Amino acid sequence: MLTNKVKKIALLTGGGDCSGLNAVINAVTKTAILKYNYKVIGYKFGYRGLYKNDFVDLTLESVSGIQHKGGTILYSSNKDNLFDYLIEENGEIIRKDVSDIAIANLKKEGVDALVIIGGDGTLTSARDFARKGINVVGVPKTIDNDLFATDITFGFNSAVSIATEALDRLHTTAESHHRVMILEVMGRNSGWIALEAGIAGSADVILIPEISYDINKIVNKIRERDERGKPFTIIVVAEGAKPKDGEVVISKIVPDSPDPIRLGGIGNKLAEDLEKLIKNHEIRSTVLGHVQRGGITSTYDRILSARYGSKAVELIEKNLYGNMVCLKGNEISYESLENVIGKIKGVNPSGELVEVAKNIGICLGD
Ligand code: F6P
């Protein structure tokens with residue numbers, strides 16, 4: 001892994017999928033082959049493929065026609081941390097550091113550098129492989145947009161577009177029935193999807209994890225709209241939002257996942273709580289769920305992914321390992337993985353975007 005002239009690179013996609021993964025695979029593969037004449041392979045199911053040495057050759061033919069498609073042709077897994085991997089040994093299921101097996105596989109295949117496409121969990125392992133001397137470049141993926149050191153992760157824009165369309169659709173049905181409509185969106189512990197979709201989709205109330213909400217503020221907003229002759233209200237709530245003096249709602253625990261908590265259910269809880277206080281409107285709650293991760297990739301994400309993929313290969317050619325490509329302003333740049341991991345980029349409750357939302361009359365629940 002210490003050669004200067006790179007001949008072969010590998011890539012893998014880890015964590016929850018999102019739109020733009022295929023666009024990055026496309027850009028990395030084409031840039032590597034057309035510009036630098038590298039060979040390219042892709043490990044299947046993220047780190048699991050690296051551990052099992054399960055890979056496919058990536059060629060101009062195999063990536064043809066994938067740029068706009070959601071998902072990942074390499075498949076993904078959000079359970080396989082090779083530094084703390086679940087394996088069966090002597091009839092027992094134990095956790096073990098199997099990273100050296102992965103490194104041996106890379107050497108066996110003559111892989112000079114590895115492009116790791118993922119969010120916080122996947123890139124934490126990328127950093128750990130870099131610490132073990134592997135030539136690694138990271139690409140920031142997640143609909144949650146919560147990765148530190150990049151202004152935007154790919155996948156986020158597509159998710160916001162889907163959530164915005166959902167709000168547009170809820171508007172017409174809310175208005176027809178004079179209802180209060182709640183849309184629960186993803187985002188883990190950050191409120192980026194809710195905030196941006198809420199602004200774009202003209203929500204009346206946006207609830208995010210970074211600002212605990214007071215239900216009375218929401219009730220006041222509904223009443224104020226009634227008085228203005230707008231007897232319907234649209235609320236977008238991030239799955240990680242919580243009431244003041246309350247807790248987040250957990251939908252399930254995935255025991256074999258490195259990050260086992262799955263949030264979900266705050267939309268229904270809010271509907272139940274509001275029903276006790278609002279008697280003149282019916283209330284309905286919709287959970288958008290994994291729809292936010294699938295389908296056609298937005299134009300913005302296709303371009304961002306192409307830029308990220310191309311830059312990742314440039315970093316390899318320049319021996320700039322241990323870094324993650326990132327967007328700063330409108331410039332594609334890079335940042336050491338050491339500075340990225342372990343810091344979550346949440347919405348700034350007193351930042352410009354929250355201020356804009358409040359300026360245009362949206363209630364943030366505070
Ligand atoms: O991190 C992406 C994300 O979609 C989160 O927004 C959500 O909380 C989580 O993954 C869902 O995970 P799973 O696909 O395991 O249900």
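Author: A polar contact is a pair of N or O atoms within 3.5 Å; within protein, one must be able to donate a hydrogen and the other to accept it, and residues adjacent in sequence count only if both atoms are side-chain atoms. This is a predicted model, in which local features need pLDDT of at least 70, side-chain atom pairs count only at pLDDT 80 or more, and totals for chains, interfaces and linings use all residues. Residues are numbered from 1 along each chain as its sequence is written, and side-chain values use heavy atoms, with hydrogens and water left out.

Reader: How many Å separate an oxygen atom of the ligand from an N or O atom in the side chain of H290?

Author: H290 is one of the residues that surround the ligand, where a residue counts as near if one of its heavy atoms lies within 4 Å. From an N or O atom in the H290 side chain to an oxygen atom of the ligand, the distance is 3.0 Å.

Reader: Is T153 buried or exposed?

Author: T153 lies in the loop between β7 (136-140) and α5 (156-177). Buried means under 20% relative accessible area, exposed over 50%, and partly exposed in between (1.4 Å probe, protein chains only). Because its relative accessible area is 0%, T153 is buried.

Note on methods:
Helices (H or I, at least four residues) and strands (E, at least two) are DSSP runs, numbered from the N terminus.
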